[in-house]
Structures are given as C-alpha cells and as structure tokens.
There are 2 protein chains.
Amino acid sequence: MIIRSLETEGFVWGISGMRFSDIGERSLISKITEVLGGLEHDDCAVVELDGDYLVVTTDMLHRETDFPDQATPWQIGWMSAAVNLSDIAAMGAEPLGVLIASGIPPETDLEFVEEIFEGIRDCVKAHGTEVLGGDTDAHRELTICGTALGRVSRERILRRRGARPGDLLCTTGSLGGAGAGLKALKIGRIDLARRLLEPCPRVREGIALAGTGAVTAMMDNSDGLALSLHDLAEAGGTGFLVECERIPIAEEVRAIAESDDEALEMVLRAGGDFELLLTVREDMIDDARKACELTVIGRAVETGIWLERDGSRIPISRRGYEHGS
Amino acid sequence: MIIRSLETEGFVWGISGMRFSDIGERSLISKITEVLGGLEHDDCAVVELDGDYLVVTTDMLHRETDFPDQATPWQIGWMSAAVNLSDIAAMGAEPLGVLIASGIPPETDLEFVEEIFEGIRDCVKAHGTEVLGGDTDAHRELTICGTALGRVSRERILRRRGARPGDLLCTTGSLGGAGAGLKALKIGRIDLARRLLEPCPRVREGIALAGTGAVTAMMDNSDGLALSLHDLAEAGGTGFLVECERIPIAEEVRAIAESDDEALEMVLRAGGDFELLLTVREDMIDDARKACELTVIGRAVETGIWLERDGSRIPISRRGYEHGS
C-alpha cells in the first residue's frame, strides 16, 4: 500500500530558487497542488513497505542557477548527490541508493564529465550508499537531477511536524557557512567557500537521532534558518523562539562578515547549509546529545517565529531577519 | 541489503538521443562506467527489499529534444510519466509511484504548467499509481525529470537477460506507430501522431506476463525494435531471428508509409513505441497468451540478429534494417 503521507492526503513538493516573472512561486505551487491533490510538507515522499517506510526525494540542479561558476566539476557532482542525501537524512532514514539523470552539453569535455561522476561517487560512498543507476542525454545547459531512496522503520521516521511547545530547538553543526561562501566567491576568497561548494549531508546524524526517540520533528535547513523555521512551524502548528547568542556561527561567517547583522543574515537568509534542524523533548535532550553533537538554539513556543537578541524579541519573517522590524 | 543487479556488480544506465560532438556516446558511457563500477543493462535499477525487489528508474526529458513542437502541454506531461512507467512495466513490476522534478521557464503561462501536471496525473492514474512528490524550479528550457518506483517479487522479476535459443520472441501491441507519428508531424498529419505523443506504457501487461512464469526475458522497445533486439541479445548472450511477415505493423504505418521498406524502417529504427519485447518458453506460449495479447514475431537463436524476409535472411544492425545488406 502506498500512502502519500502518514496522516493526510498529500504529496511532497520542493521549490528551489524560483523566480517566476509572471507566475509567482505561490500560484505555481497552488496550481500543482490543485491538480495533484493535497500537499504535504516534508523533505521526502513516504511509501509504506512491510512495516517500514521507503522515503524518496528528487532534486534538479542547473548550471546557471545552482552551481557557482567557481565550482569544480567534482564539486558539481558532490553537490548533486549531497542535496538529495540531505533530504534522506532529514527523515532519519538510511540511504538505499541514488539515481542520477544528467543532461550534458554536447561540447562538454570528457574529463569534465568524468570528474562530475567522481564527485557523485565520492559523495555517495562517503555516506554509505551507492549510485544505483541513471540516465544521460544531451542538453543545452548542464542539468543534473538526482533521486535518493532511503528506508526507515515506522517507529523512527521523523517528519517536519511533531514539535510541541516547550521542545528544545536544536541544530547540528554550525550555521551560515554557505551564506559566507556566497560572499567569499564574490570577493575572491574561494578558500572560505568550501561549505557552500561541498555540503555535507548529515546522514549519520539523522539516523542516530531517529534512533533516540527523543526527536519530535526534523528537517534540513537547506533554505536557510528563517525559511526552515517557518516551514517547521507551519507543519507542526507551533512557533519558535531562537536565542541569538546560542546560534553556532560558522567559522567562515566570523572570518568574512563585517557586522553582527551581516553574520545573522548569512545564518537566517542564505540557503545551502544542509544542517539538520530539529526539536527535542526537553527531558530527553541528553539522549539526543549522545546521538550526535547538537546545539540548542531555542525552543518551540505557542505561536510566532522570534529572535531573542539583546533582551528583546524581534519577529523573523520567512525571508529572514528584517532590519528595523 | 542493496544489490545493484541480481548477479553481477553493475548499475543501470540509460542513454537517450545523445549526439555528443566530441565525446561520442560510447566513450561517455564507458567513462561513467569506469567511474561508478560495472554496468548492468536493464530498464530499472534493482534494490532488494524483504524478499521482494524495489525497481526504480529515472528519465529526463527536454523541450527541444524530446517533446515535438506539436505536443500539447497535456501530452508533454503524459509522456514524462509514461516513459518512466514503461521501464517499470518492463521488469514486470507494479508501480508504487512517480516523482517529478521540473525546470520551468519563468515566462511560462500558468495554464500551460497546469496542463502539464494534468497530463502527468492522468497518466499515473490510468496506470494505477500516483505522484508521490517532486521539485520545481526555474529553468531556461522546459525540463521534466521523472522517477518511477515499482515493486515485484523475486520469483516474478523479469530482466533483459534470460532468453535461451528456441524461446519465442514476442511483442505486445503493434510496432512502428511512433515512427509513423514522426513522419506524420513532418507532413502535417497530426491525426496520425497520437501513438508518438501519447505513448501507452504496458503496465498491466507487464505485471500479468511476470505472473505466468512463461517469460524468460523482457524489456521495452522504446529505442526501436533493432536496438532493442541487440540489447536483449547482448544481455542474454543469444541471437534473434525475426520473421518479417509476422511483425504486427501499426495502423498508422500502413496509412503513411510509402513502401514496405519505409514501413520496416519505422518499425526497426524509430524510438517511442513503448511496447514490451519479450521471450517466452515455447511450451508455455499459451500461458503467456492468457496474460495479454501477444504476437510471436520470431525466436531466439544461437547468434546474430536476423530478419527473415521473402525467404532470405538479412542481418539487422543496431541502427536498424540496412538496405542492400
């Protein structure tokens, strides 16, 4: 039997970096939703399988919009696998494999293609899985569409919804590294752009966290902390309060941001960090900490998305921290 | 546990309509193979799951190379789902669902997008399955990358390899309809192009055939009969003899081909038919026929790919029937 989600009728849809001139992102999603049925917000679609769940996700990346000019072909390959594995990680699932459909411009150098696939191979191997298959054809613009499959037991699966007021809001790793990387590329500091160009999906952390029973909701923060908080809040019907001074700011941010405000923007607004954002039952935070390194950055509240900074609460909009608001 | 194929180490890779100026299709595949490990030829990748197999396939289609100008948006959507479901059908598997990653040009009309997704929805519903999820972003050229998942028991799964000399070579439906459609579009006879624009994946037939135990090998003929015969022969280590007068020629071919040679070219060379090409144990052909309508078009032989026509045997090259050879 297939379920499109665990409780509601709905499918999972991602929107990445859309800039639709006339359409507008929201009307496009609502149109797709109208045609296909209800929409479920999660990192992966879920299929029931003998008491376990199969989770599956797909993500299409394009040369112009997704791969910075400075990315090496190996990094292009790595990124293409990593973004999909991160969605598997966000469900607490173990990856079963990756498929890669690639559209390659006919004039592409053979070594360039080889290095892309080396990057894909190295990324899947580093995360304990493999390339199962794929499809290649000629395309005007380099386009790589990855699909990742994973498996997780019913008891362990983690969803975006599930947070309750009082739960601790946590993140893996540090935040803002990808945002700092974007600025680094602009000013020629490629040494500070590695977090952006070689994102590390938190596969082991996701599996370990799912095994604790302490986590109530989880997603990856690939669209930046602000948007992710709103998505998590919407899915779970809660709000969140983030304590500014607890945010684990990435080293690259400290190296390159010219002010605290700029650093905060890198954390909140820039996409590409691929950390896990999760809520943990307060009485079980020690169990969660045994699974992997975590930083508590705030907690789930009844309503609103708030940043507590220098003693005052500022609302965080979907677009991030807004100056003067 | 994951296996990349049933017996050998290998992944599944498709190449569709490549025209690589400098690279060349073969060197590109061999490069990908070198990087990723052995290559297995099949319509889907296979993952072991509790005694069953999960089969999964992905296929990226582009506006310029894959969708004829005359295709309606509904047909674009239908085709995008159908090509993937056909690969599931070829393994004898039951579809579990489809994911759709789409790159949509920002200037696209909202109704156009709506109709694409209606086509996708109608195709998956018509074949007993559903859209599980997807991803949408802005892209210069309309690009739709579908992924289909299916499930089949270990006893039933059908592969490209498995044919033995003496087995009967069979096809579902009729052949050449897509090739005739290509010509129809060129000469403004869109009424004869429906088979090309609305391919019908043989999902029910594939499941029923897999249940008979009579089928020894199967694939879809989406690249035309000639190439498919070579692929089936290569996978199974046999040859094939096709009897020209037994080929079920599509109505559209009869309506539009100007000679028998042209009709044969449409059958052998043109891609897009999406019928199932299979081999059946001779003593069980009646069982196979109970599963679905089949036409016996020849048999597996020790070696070589041959067309028997007017009493003589002509070799069929990978590119199809060659005049005067």
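**Exercise 1.** How many salt bridges does the count come to over all chains?

*Solution.* The model is a predicted one, in which local features need pLDDT of at least 70 and side-chain atom pairs count only at pLDDT 80 or more, while totals for chains, interfaces and linings use all residues. Residues are numbered from 1 along each chain as its sequence is written, chains are lettered from A in the order in which they are written, and side-chain values use heavy atoms, with hydrogens and water left out. A salt bridge is a side-chain nitrogen of Lys or Arg within 4 Å of a carboxyl oxygen of Asp or Glu, and by this rule the count over all chains is 53. Between chain A and chain B the count is eight.

**Exercise 2.** Describe the salt bridge that B:Arg140 forms, and then place its two residues.

*Solution.* The partner of B:Arg140 is A:Glu141, and the closest N and O atoms of the two lie 3.7 Å apart. The pair crosses between chains, with each residue in the loop between β6 (131-138) and β7 (143-153) of its own chain; strands here are DSSP runs (E, at least two residues), numbered from the N terminus. Another salt bridge joins the side chains of B:Arg151 and A:Asp50, at 2.6 Å from N to O.

**Exercise 3.** Work out how chain A is related to chain B.

*Solution.* The same surface serves both copies, since 100% of the contact residues of chain A recur in chain B.

**Exercise 4.** Describe the contact between the chains by its residues and its buried area.

*Solution.* Counting contact as heavy atoms within 4.5 Å, chain A gives 73 residues and chain B gives 73 residues. The area buried between them is about 6,200 Å², of which carbon and sulfur atoms give 64%; buried area is the accessible area (1.4 Å probe) that two parts lose on being put together, summed over both.

Notes. Least-squares fit on C-alpha atoms with pLDDT ≥ 70 in both. Helix = DSSP H or I, 4+ residues; strand = E, 2+ residues; numbered from the N terminus.
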